[in-house]
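Hi,

Here is the structure I said I would pass on. Have a look at it first, and then read my notes below.

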Amino acid sequence: MFHSSAASILFAFLAAATGESPFVVALDPGHGGSNRGAPTARPELYEKHLTLEIARLVQRRLLGEPGLKIVLCRTGDLLVPIRARTRCANQANARLFLSVHANAASVEQGPGSQRGFEIFVLPASDVDQEVARAALLADDDAQAAWAAHRARTTAADSLAAARRIRWRLADALGSDRDRGIKQAGATLDVLQGLDMPAVLVEVGFLDHAEEGPFLLSEAGKKTVAAALAGAITDLRSRELRGQRDPMTTAPPGQRRGTTAGRPASVSGP
Ligand SMILES: [Zn+2]
């Protein structure tokens, strides 16, 4: 129901503003169960194994961190439907949804030919749909305006979170591995229907001769997990300081322009 969802968002906002509620992050390890994701050079090992291990490492690193709580939306080798993943994040009142994936080059690109990490947020057309959906569910104009504002702010905050994750991954893996923040080129269904900023990260290419084995190594997993954990603590600190991405405090007209009209890439490599 819209009422309860709006109330919970408002509550989370007010609680966060007073510093009382933990900064909850819903981590979503991609794939699981029969949905194995990209293969690796080892026949028994798939993307689903790596994403869960990275998510667990992030959770372990942030365990005991004051004011932070990590919720895993997949905790074992299970097939978890997309709607269950979004429900997990919404019910946890998460302030950030982070879906973790690993890549494989397409047939057109040529297997093994690609490397690097890339980060995805919803395209502007999907944001417009979320805004329209929020307005439709509202009871009156004031509520519709507030709901639309929330949806747009959430989209801007998604981009701010993506930037922070990108910065941390580039710092950890090298800026030559940075393929940029994108809004197309991956299946982004899991980012829809969420009440909070949402980002999907592809940490690297499993079919690349060097990057694949590195990502699967203990050092590789730890490096990626440390970068993601660092981005989460950065975002938490920034919220505590009351600082936001400049874009989110820009006039609505300008803010709109930052996500509209750039379907393929917000910022390329
Ligand atoms: Zn995936």
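Isoleucine 119 stands opposite valine 201, which belongs to strand 6. Keep in mind while you read that this is a predicted model.

Let's stay with that pair of strands for a moment. Strand 4 covers residues 117-120, and strand 6 covers residues 198-205. The two pair in the antiparallel sense, over three bridges. Strand 4 also pairs with strand 5 (residues 178-182), this time in the parallel sense and again over three bridges. Here phenylalanine 120 has lysine 182 of strand 5 as its bridge partner.

So which faces of strand 4 are covered? Both are: Phe117 and Ile119 sit on one side, Glu118 and Phe120 sit on the other, and all of them are buried.

**Two pairs of helices**

Now for the helices. Two packed helices are described by the angle between their axes and the distance between the axes.

Take helix 4 (residues 124-137) and helix 5 (residues 141-173): they pack at an angle of about 155°, and their axes are 8 Å apart. An angle over 145 degrees counts as roughly antiparallel, so that is how helix 4 and helix 5 lie to each other. The crossing is right-handed. On the helix 4 side, the contact is made by Val127, Glu130, Val131, Ala134, Ala135 and Leu137, while helix 5 brings in several alanines, including Ala144, Ala147 and Ala148, along with Arg150 and Arg152. Sorted by type, the residues of this contact are 10 nonpolar, no polar and three charged.

The other pair is helix 2 (residues 47-62) and helix 7 (residues 218-240), with an angle of about 55° and axes 8 Å apart. Helix 2 and helix 7 are therefore oblique to each other. Helix 2 passes helix 7 in a right-handed crossing. Among the residues making the contact are Ile54, Leu57 and Arg61 of helix 2 and Lys221, Ala225 and Ile232 of helix 7. The contact of helix 2 with helix 7 divides into 10 nonpolar, no polar and four charged residues.

**One residue to look up**

Finally, find threonine 223 in helix 7. Leucine 173 is 50 residues away from threonine 223 in sequence, yet their C-alpha atoms are 7.7 Å apart in space.

Cheers

Technical notes:
Residues numbered from 1 in each chain as written. Predicted model: local features only at pLDDT ≥ 70, side-chain atom pairs only at ≥ 80, totals over all residues. Buried ≥ 20, exposed ≤ 12 C-beta atoms within 10 Å, placed from the backbone. Helix = DSSP H or I, 4+ residues; strand = E, 2+ residues; numbered from the N terminus. Pairing = 2+ DSSP bridges. Axes fitted to C-alpha atoms, helices over the stretch in contact; angles between N-to-C directions. Parallel < 35°, antiparallel > 145°, perpendicular 65-115°, else oblique. Left-handed = near helix turned anticlockwise from the far one by under 90°. Contact = placed C-beta atoms within 7 Å. Nonpolar A, V, L, I, M, F, W, Y, C, P; charged D, E, K, R; others polar.
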